[in-house]
Amino acid sequence: MRRSGFKRALVTGGAGFIGSHIAEKLLAIGMEAVVIDDLSMGKTEYLPKGAGFYRGSVLDKGLLKEALKGVDVVFHNAARVSLRGSFDNVCQDAETNVLGTVNLLHACGGAGVKKFIYASSMAVYGNNNGGALKEEITPLAPLSPYGTGKLAGERYGMQMSDYYGFDFVALRYFNTFGTRQTFTPYVGVITIFITALLQGRRPVIFGNGGQTRDFIHVEDVAEANVRMMSRPVSGTAINVGTGQGTKVSDIARLLIERINKDITPEYAEAPLGEPLDSVADVTAMKELIGFVPVTTLQDKIDALIDWNRAALVKSR
């Protein structure tokens, strides 16, 4: 049974970490789903059975025109995701995350799309003087080119959706964890720590480890996206997190206890681009999406360790 009047969805980045879980949930409720992914980070094995697939980039206008046929709702998750890495790769970051988003918004304008759900990020905020980050109150002062690009995508989305006449909502994801996250040195501290420990290396904590993060499971992020379809909300940004902060040092301690008690963490200078603390105010998510995350870190950590262990074995 569908939860909305939508019939066919496009998920960009749908062979990747978050996008593949969104596509899976859409198919599970009886919708048609098509995916665009250039496979720079995603994998065909993550595509759910029954999803249509277009291999390519959101910068390809011809591909977008073809993929958008019959689509009435878009979940835009394709992006270069890296706060620290966006300094060294600022041009590529802007090309994909800003121009790619504009390209897709423009294509949607002539394709009959009714709703556009945009994967934004907690990176649109800067350092906050304590307390949870609230959409309408906390200043938007990104600390990285990645955050600047995500904020630009929000602004373009608000303007272009109003011009073309479709609904637009930006979901500001906080620190998402779970299966199918591709390992990189820049993204996903839990995946980075697990990978290091499974390989017998010391996990590197930047700064003193006292910085807090709001860890939300990928299945909860996907559920928030799917529920957003049926909500009569447009022209706004909504945090997607748990409202609970966890210190990075506590994450390292938990994983060391689970994987290898003989390893101690290594400490390094805090890099540019990352906030000291990042915890979501989730009032708007509860009120506008009608959703409260149900999964905790403790619920999923052992299964996630097992999944990463199997992925490392497979990659050898």
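Two strands are taken to pair if DSSP finds at least two bridges between them, where strands (E, at least two residues) and helices (H or I, at least four) are DSSP runs numbered from the N terminus. The structure is a predicted model, in which local features need pLDDT of at least 70 and side-chain atom pairs count only at pLDDT 80 or more, whereas totals for chains, interfaces and linings use all residues. Residues are numbered from 1 along each chain as its sequence is written, and side-chain values use heavy atoms, with hydrogens and water left out.

Strand β9 (residues 212-213) is joined to β12 by two bridges, and these strands run antiparallel. Within this pair, T212 lies opposite K247 of β12. Both strands belong to an open three-stranded sheet of mixed pairing, ordered β12-β9-β14. Because β12 (246-247) and β14 (277-278) each have a single partner strand, they form the edges, and one side of each is left without a neighbour in the sheet.

Helices α6 (residues 189-198) and α8 (residues 248-259) have axes that come within 10 Å and cross at roughly 35°; axes are lines fitted to C-alpha atoms over the stretch in contact, with angles from 0 to 180 degrees between N-to-C directions. The contact (heavy atoms within 4.5 Å) involves V189, I190, F193, I194, L197 and L198 of α6, together with V248, I251, A252, L255, I256 and I259 of α8.

Overall, the protein comprises 10 helices and 14 strands. Of its 316 residues, 54% are buried, that is, under 20% relative accessible area (1.4 Å probe, protein chains only). The C-alpha atoms fill a box of roughly 60 × 45 × 40 Å along the principal axes.

Note on methods. Buried < 20%, exposed > 50% of the residue type's maximum accessible area, 1.4 Å probe, protein only.
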